[in-house]
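The following exercises are meant to be worked through with the coordinates at hand. Each one sets a task and then gives a solution in steps.

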Amino acid sequence: MLETEELRKVYKGTAAVDSVNLFLEKGESVGLLGPNGAGKSTTISMIASLIAPSAGDVRLNGKSVLKHPNEIRKVLGIVPQEIALYPELTAFENLKFFGRIYGLKGEALSRRVQEVLKLLGLEDRQKDLVKTYSGGMKRRINIGAALLHQPEILIMDEPTVGIDPQSRSYILDTVRKLNEEKGMTVLYTSHYMEEVERLCDRVYIMDHGKVIASGTKDELKSILSGEEAILVEMDRDYPGLVKELEADEAILQTIEIDKGLKLIVPKGSRLLGKIFQAAERHGAQISNITVQVPTLEDVFLHLTGRKLRD
Amino acid sequence: MKSIYLHQWQRFRRAPMLVVSFFLLTVVFVFTLAGFQSDDKFTVLAFVKEGSSDQAAEEWSDRLNESEGMFFDLREEEEVREMMRDGRTNFALAVGDSDYRMVVAAEDANLITVESYTAQVFREEFRLKQAEEAGGENIREDIQSSLEDPVLTVTTETIQGAEGTFVYDNQIQTLFGMTLFFSIYTMIFSLMNVTEEKRTGTWDRLIVSPLKKSQMYIGHFLYCFTVGYAQIVVIFLLFKYGLGFDLGGNFPAILIVVGCYAFAIVALGTLLMGLVKSSQQLQAVIPIVATAMAMLGGAFWPIEIVTNNIVLFLSQGMPILYALDALKSIAIYGRGLADLAQPLSILILFGVVCMGVGVNLMERRG
């Protein structure tokens, strides 16, 4: 349905997006995962025809979006990262305006606005000014503004940044509903691994402007199929212990976390005894030790050596 | 375009303070600086001299009131003397059948001027009467027609132009100057909605909609134009009908000039938006540009009194100069649209160039 071909964007000699190839099938929910500055927003801006790529193309049903931007604009709903609304207007007025620019009018427009408000759970607050809303409510209206014309493709750029867990959960449920019940194709960008894991069938992992891995969640996790993670929680940080474990050839990767360590080790390796002995040598008190199955976060760590939110 | 235009009005309805404040500022400034001078003639109290006829006094009063600077108010002698006793007037004129007398209660700076003018009128009238008595029955008509169609016209010119071509009307100067000046703020600040939309991301939302960019720009420009145009016209109407300002007899021509000016200012705002990087910068630039333009373009004082060649040269680049020139031509000199082709063409050309460059710069910046 939608694909990018060697998409590239260069700003002042630096490639913000470098030869990105991705595709979305109709009705799919695809995640674009990567840390801040990975090039996710630039990629979706090029897909949405907001900025022109330096090279490459975006194709919708085989047609170049660069040459025919209106083709994608008709079927695309975009939820920007920022709250792109008019705070001095009510939620109803905001949605009505965004519906009107897509050609909706009269009774059909009012009906559609009410449907969207119902979907977002904001029917009761529709006559309140957006500036009086909480962050989570603003985020919901921000999504609603992209849904009025019932788009076939919904692109969401980190739609849950800076909101409370309850609103976040509501938004994720709404996106899942749109994808599963309405058959909307979703491209969801985030640096929250758990959101992408919860919502998306397939995932593209981006870093430094490039897609470094892609596939279904299971496919990606299978990158680490020969490995497992040991999470060691301690009373404080012990730099000497870290150094010793890093030097151990049996441990593939040692990552410092808050008051603890994450060790990537070959699956089935019996290293727990070794870890306890080393901790004792450095006077470290281990409060908890867990052997984890790999997550997308671990995959990202494995691929880049960095955490998603570094 | 229509949805963008109507949307701006909806936003205006929710936040009208900006436009309303500049509207009120204009009214206050014009009213304070020129509103109290709707009858700027100096009033001289007069009464009929004892033993003289009322009719003769009235005739003298009519003759004296041909003055552009003085108004002779003929009242009862008792009333005038009462006012002099109360100190409400320092002197008065007692008008006789063929003479007059100044009745002075206290020294007054205007006394000499009034007396000199009165003496001149009486002298002229006596001369005319003498000429009539000498057989020239139609002497008054002959003199009048000779004045209207002189055999010989002497024109004195200075380097700046024909002497006597500049008529200064404080009311008109203040009304036009202040209204056009404050409307710059209204229009360009309203245009800041575009930079604000770009900052908040709603502009991007509009770009990915089926709307064309040209429709988005035109919707905004049209709104700013309408707000500025309406502000200027409402203020002109308010002072014309509310306070009796004389704007001449060709109001439709004034509407056309205002339209050209509003277009030029919206275009200037577009250019400024293209030149600056943020709405904060634009907020800082607007007062500088507006005030400089008003000072150089003759909004605060008539450009006709400026003699500095550099200032006069710079003023040529200010749209407000051409708008004021055109408006004063209509209101003071009674000229029609045909005489205003040059200033109006310059305003439109200025607008087209600024808008073209401004939109181009904004689009390049993205």
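**Exercise 1. The interface**

How much area do chain A and chain B bury between them, and what percentage of it is on carbon and sulfur atoms?

*Solution.* The model is a predicted one, in which local features need pLDDT of at least 70 and side-chain atom pairs count only at pLDDT 80 or more, whereas totals for chains, interfaces and linings use all residues. Residues are numbered from 1 along each chain as its sequence is written, chains are lettered from A and ligands numbered from 1 in the order in which they are written, and side-chain values use heavy atoms, with hydrogens and water left out.

Step 1. Take buried area as the accessible area (1.4 Å probe) that two parts lose on being put together, summed over both; chain A and chain B then bury about 2100 Å², with 61% of it on carbon and sulfur atoms.

Step 2. Within the share that chain A buries against chain B, Leu50(A), Tyr86(A) and Ile101(A) supply 27%, more than any other three residues.

Step 3. Counting contacts (heavy atoms within 4.5 Å), one finds 24 residues of chain A touching 19 residues of chain B.

**Exercise 2. Charges between the chains**

Find how many salt bridges are counted between chain A and chain B, and identify elements on the side of chain A that touches chain B.

*Solution.* Step 1. With a salt bridge defined as a side-chain nitrogen of Lys or Arg within 4 Å of a carboxyl oxygen of Asp or Glu, the count between the two chains is two.

Step 2. One of the salt bridges joins Arg14(B) to Glu93(A), with an N to O distance of 2.5 Å.

Step 3. On the side of chain A that touches chain B, β6 (76-79) and α3 (91-100) each supply at least two residues, and α3(A) gives the most, with four residues; helices (H or I, at least four residues) and strands (E, at least two) are DSSP runs, numbered from the N terminus.

Step 4. A charge sits over a ring if NZ of Lys or CZ of Arg is within 6 Å of the ring centre and within 35 degrees of the ring normal; Arg205(B) lies in this way over the face of Phe98(A), at 5.3 Å from the ring centre.

**Exercise 3. An aromatic pair**

Why is the pair of Phe225(B) and Tyr229(B) classed as stacked?

*Solution.* Step 1. Rings of Phe, Tyr and Trp (its six-membered ring) pair if their centres lie within 6.5 Å, and planes under 30 degrees apart count as stacked, over 60 as edge-to-face and the rest as tilted; the search of the whole structure finds 25 such pairs over all chains.

Step 2. Because the ring centres of Phe225(B) and Tyr229(B) are 5.6 Å apart and their planes lie at 15 degrees, the pair is stacked.

Step 3. Both residues belong to helix α9 (residues 213-242) of chain B, where, being four residues apart, they are separated by about one helical turn.

Step 4. Phe225(B) has 24% relative accessibility and is partly exposed, as is Tyr229(B) at 23%; buried means under 20% relative accessible area, exposed over 50%, partly exposed in between (1.4 Å probe, protein chains only).

**Exercise 4. Positive phi**

Is Lys12(A), whose phi is positive, buried or exposed?

*Solution.* Step 1. Most residues other than glycine have a negative phi.

Step 2. Lys12(A) has phi near 45 degrees and lies in the loop between β1 (2-11) and β2 (14-24) of chain A.

Step 3. With 89% relative accessibility, Lys12(A) is exposed.

Step 4. Ser49(A), with phi near 65 degrees, is found in the loop between α1 (40-47) and β4 (55-60) of chain A, and at 14% relative accessible area Ser49(A) is buried.
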